[in-house]
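Subject: Structure for your study

Dear colleague,

Please find below the structure for your study, followed by an account of what was found in it.

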Amino acid sequence: MIGQGLGDFYSIQDAEPGDDGLIELTLIPLLDVVVYPNMVTPLFIPREQEIAAITEAQARQQTILGVAQREINEIASQPDELYTVGTEMALGRLMHLPEGGTSVLAQGRRRVQIVAFEQLSPHFRVKARPVTAGVEPSREVTALMRATLTLFQKCIQLNAQLPEEAYVYALNIEEPGWLADLITSSLDLPIDERQELLETFDPVQRLRRVSALLGRELEVLELEESIHSQVRQEVDRSQREMFLREQMRVIQHELGEMDIFQQELNDLRERIDVTPMSEEAQAKALKEMGRLMMIPPMAPEVGVIRTYLDWLLDLPWKERSEDKIDLVQAAQILDADHFGLPKAKDRILEHMAVRQLAPDKMRSPILCFVGPPGTGKTSLGKSIARALGREFVRVSLGGVRDEAEIRGHRRTYIGALPGRIIQTMRRVSVINPVFMLDEIDKLGMDFRGDPAAALLEVLDPEQNNSFSDHYLDVTYDLSQVFFITTANYLDPIPPALLDRMELIEFPGYVEEEKVSIAQQFLMPRELERHGLQDQDLRFDESAIRLICREYTYEAGVRNLEREIAKVCRKVARRVAEDKRIPKRITAEGLDKYLGPPQFLATLAEEDDEVGVATGLAWTEAGGEIMAVEVSLMPGKGMVALTGQLGDVMQESAQAALSYTRSRAAQLDVDPEEFERLDLHVHLPEGAIHKDGPSAGITLATALISALTQRKVRRDVGMTGEITLRGRVLPVGGIREKILAAHRAGIKTVMIPERNEKDLVDIPKRTLRDMTIIQVRHMDDVLDHALLSVEHTLNGKDSS
C-alpha cells in the first residue's frame, strides 16, 4: 500500500534527537516484513506486550521503531535475534481482526540504526541514530532513474499481481532513494534481500541494486510468459482440431459417409471376433475395445490402446506348423548338416519317436547345448527345426541386463513394448517353433532386475503354459515351443535356471573329426563360395591335418574354415589373373598360402630322462601333452613351484611331495635329503596359466624320479589326481587327453581305473594304436613309468 497524503499519521512527530544525536524509541519486532520510509504497510501484532507498547506510544503521540527479526519461527525476545537497522514508524489506529488477532497501519518515516538497548522487558526500548543520506541531482542519477522506471514498467506489464497504480506513483517520485524503496516494497523478495536494501544507506547505490533485481525478475517473468504462450497455443490448436473434426463428422453423417475412426473401430471389433484367442485374452481385448469406443479420437490414450490391441491380435494363439515324424528322413537331415554330435542327434530322434507314439502327452523338451565356440551349437538348432518341419527363431541374450527385455514393460510407461519372447512369437506366427535362446551364459544383472530370474518361468515346463508378459497383462501359452539354449560355460548360469534344462555337452572336435568335417562340409562350401567348384582343386588330408595342428588352436572349426578360405582366395586370384593353379594343396606347399606356422605342435620327449615326466592336460581347444620337470640342488629343503600354476595344481604338488616323503623308506630315499636339498618343480610354457588336480601322479612321478635318479619312460603319458595315501582318483577330459597323446606319438597312457567308462568315447582306431593302463595306486604308476636302476646306469632308453 502506498502511503502518501494520508493525514492520519501527520499529527505524530518524529522523535527529537538529544545532545548526542541519538533518539530513544520503543521497539517492536517485525515478523517476516520490512517497513521502508515513506511507505504505509499493515502490520500483524501477535503479542500483548507489543499491543501495550503501541497503545502507550499512541497515547503519547510518539513514533515506534520497527525492526525485522532474523528468524521467523517465533517472536524475538533477545537483541541478537534482531537486525540492527530498522525504520522509525508512525502507527495508526489498532484494529481487531475477526480471527482474533490485531493489526495496525504503519507509515515509515526514516531509517534508524540501533546503538544500544535500554530496556528488554516488558518490551524493548533502544537508543538509535537516525540515518540521513542526500544526493545531488546529476545526469547519471536521472538516467539511472529512467532505466529503473522502464524495467519496473515491463515487470508490471508481465506480472498481474503488481498494480498499475504503483508505476504511476513511481513516475511522480523525484528522489532516487524513495524510488528504490517504493519498487522494493512492490516486489516479492526474501526477507534477507529486503533487509539488505534497507541497510544500503546510499540512495544511488540502493537504486542500482534495485535495478539489478528488476532485471533478474524480468528474465523470470519473460520465461513464464513464453511458457504460458506455448501452453495457450497448444490448447487453442487442440480445441481447433476437435472443433474441425466434429464438423467433419457431422458433414460425413449428412452425406451418408462412414467416419474413418469409426470404420477402424469396426475393423478392430471384427478382428477380435474372428481371432481364436484364449478366453482371458478375448475378455481383455473386448474391455480395451469398450474403452477405445468411449474415448475421443484425438485423446492420447487412443494410440496406446490401439497398439495394445494390435499386439493381442497379431500373436499366434492357435496357429501351428505340422510336425514331420519321419525318423529316417530326420536322421538324414541331421547327418547331412553336421558331423558327429551323436548325443544331440539321438535326443532329437528320441523326441520325435515319442511324439509319434504319444503326440498329446509329450512335453516339449528344453535343451541346453554347452560347449566351446565354433562347435555347431547354433547351426544344429536350425537343422533340428528343418528335421522337425518347424519354424526356427533365434534370440541372442548376450549382454541383456534388463528384466523388461524378457517380460516387457508395463503399459504405464511411454513407448512400452512386450519382451523379446512375445515379440519373437509374433514374428514367427506359430505357437510351436524351435526357439533358440543363444548365449544364455552371457546374461547380465544390474539395478533394472535379473533377466535370468525372468527366464525361470519361460524354461519351466510346469509354468510356461501360462507365461505372463508385463505388457500383455494376460497369460500366454509357451508349452508347445521347442526351447534350445546355448552356452559356452555353465558357471555363470544360476543353479535354479540350470536345473530346468537338459544339458547336452558339445565337447569340441578332435583332429580326426576336424579332418572329416573339412572334407565333407568346409571344403565343398568354400570351393563353391570362391567359384572354384569347376577347377578340380582338392586338399590332401595331410594338408588339412597340418592346418589343424599348426595354423589353428580351437575346439571348433571356425578358424579352420577361415584358413581354408584363405587358401581358396589365393587360388581364386590366380584363376582371375589367368595364371596356373595347383590341382592339389599339399602339406609341403601350405606355407606358400598361409605363411609360417602359427602354432607348434607339442611332441613327446626324445630321450628318457631323470626328473621329467609327461602329463596330459585338457584345454578348451582340446587335449595337450605337458612336461613336468623337477630339479634338485643343495639347499635347505625349500620347494619352488613355477610355470604359472593355479592354486589347485600347487596343492597337487604339495600332496605329491608329502606322499614322496612318507614313502621315502620304500623308495630307498634318505629322509635327510629333504632337508639338504631344494626342489624346483617347473611346467614349461610359463605364459600359460595351468590349474587342476589331474597332474598329481605326473608331479609325483617326476619328484620320485629326481630323488631316486631313475629315468622316466618318454613314451608314457599319464593323468590322474593323487591322494596322500597314493590312491589315484578319476579326472575329466580323458577323450581329449588320449587323442592328444596319440598325436604326439605317445603309445602308452595311464589313466585312473575309475575312468574306464570314458574309453567308450574314444575312436576304436586310436585305441588299437595305443596301450591304455588303468591304475589304482601310485605304485602301479611307478612300475610302468620308471625304468629300473640298471637301465638308468647303463643309459638305455625305453625304446
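**The second largest cavity**

Strand β20 (639-642) and helix α21 (647-662) each supply at least two residues of the lining of the second largest cavity. Helices (H or I, at least four residues) and strands (E, at least two) are DSSP runs, numbered from the N terminus. A cavity is a set of points, on a 1 Å grid over the protein atoms alone, where a 1.4 Å probe fits but cannot get out, and its lining residues have an atom within 4 Å of a point.

Please note that this is a predicted model, in which local features need pLDDT of at least 70 and side-chain atom pairs count only at pLDDT 80 or more, while totals for chains, interfaces and linings use all residues. Residues are numbered from 1 along each chain as its sequence is written, and side-chain values use heavy atoms, with hydrogens and water left out.

The second largest cavity holds about 30 Å³ of space; a volume is the space filled by probe spheres set on the grid points, which are joined across faces, edges and corners. Its lining consists of V639, L641, A653, Q654, L657, V681 and L703. Helix α21 gives the largest share of this lining, 3 residues. By class, the lining has 6 nonpolar residues, 1 polar and no charged. Here Ala, Val, Leu, Ile, Met, Phe, Trp, Tyr, Cys and Pro count as nonpolar, Asp, Glu, Lys and Arg as charged, and the others, Gly among them, as polar.

**The largest cavity**

How many cavities of 30 Å³ or more does the structure hold? There are 2. The largest cavity has about 40 Å³ of space. Its lining is made by E605, D607, D608, E609, V612, A613, T614, V712, R713 and R714. These divide into 3 nonpolar, 1 polar and 6 charged residues. Strand β18 (residues 612-619) contributes the largest share, 3 residues.

**Salt bridges**

Side chains of opposite charge can pair when their charged atoms come close. A salt bridge is counted when a side-chain nitrogen of Lys or Arg lies within 4 Å of a carboxyl oxygen of Asp or Glu. By this rule, the structure has 35 salt bridges.

One of them joins R394 to D438, with 2.9 Å from N to O. This pair links distant parts of the chain, since R394 lies in strand β9 (residues 392-396) and D438 in strand β10 (residues 434-438), 44 residues apart. Is D438 buried or exposed? D438 is buried, because its relative accessibility is 3%; buried means under 20% relative accessible area, exposed over 50%, and partly exposed in between (1.4 Å probe, protein chains only). R394, at 40%, is partly exposed.

In another pair, E50 meets R47, and the closest N and O atoms are 2.7 Å apart. E50 is buried at 5% relative accessibility, whereas R47 is partly exposed at 22%. R60 and E56 also form a salt bridge, at 3.3 Å from N to O. R60 is exposed, with a relative accessible area of 52%, and E56 is partly exposed at 34%. Finally, R525, E526, R529 and E561 are linked in a network of salt bridges.

Yours sincerely

Notes. On a 1 Å grid over the protein atoms alone, a cavity is a set of points where a 1.4 Å probe fits but cannot get out, and a pocket is an open set with protein on both sides within 12 Å along at least five of seven lines; lining residues have an atom within 4 Å of a point.
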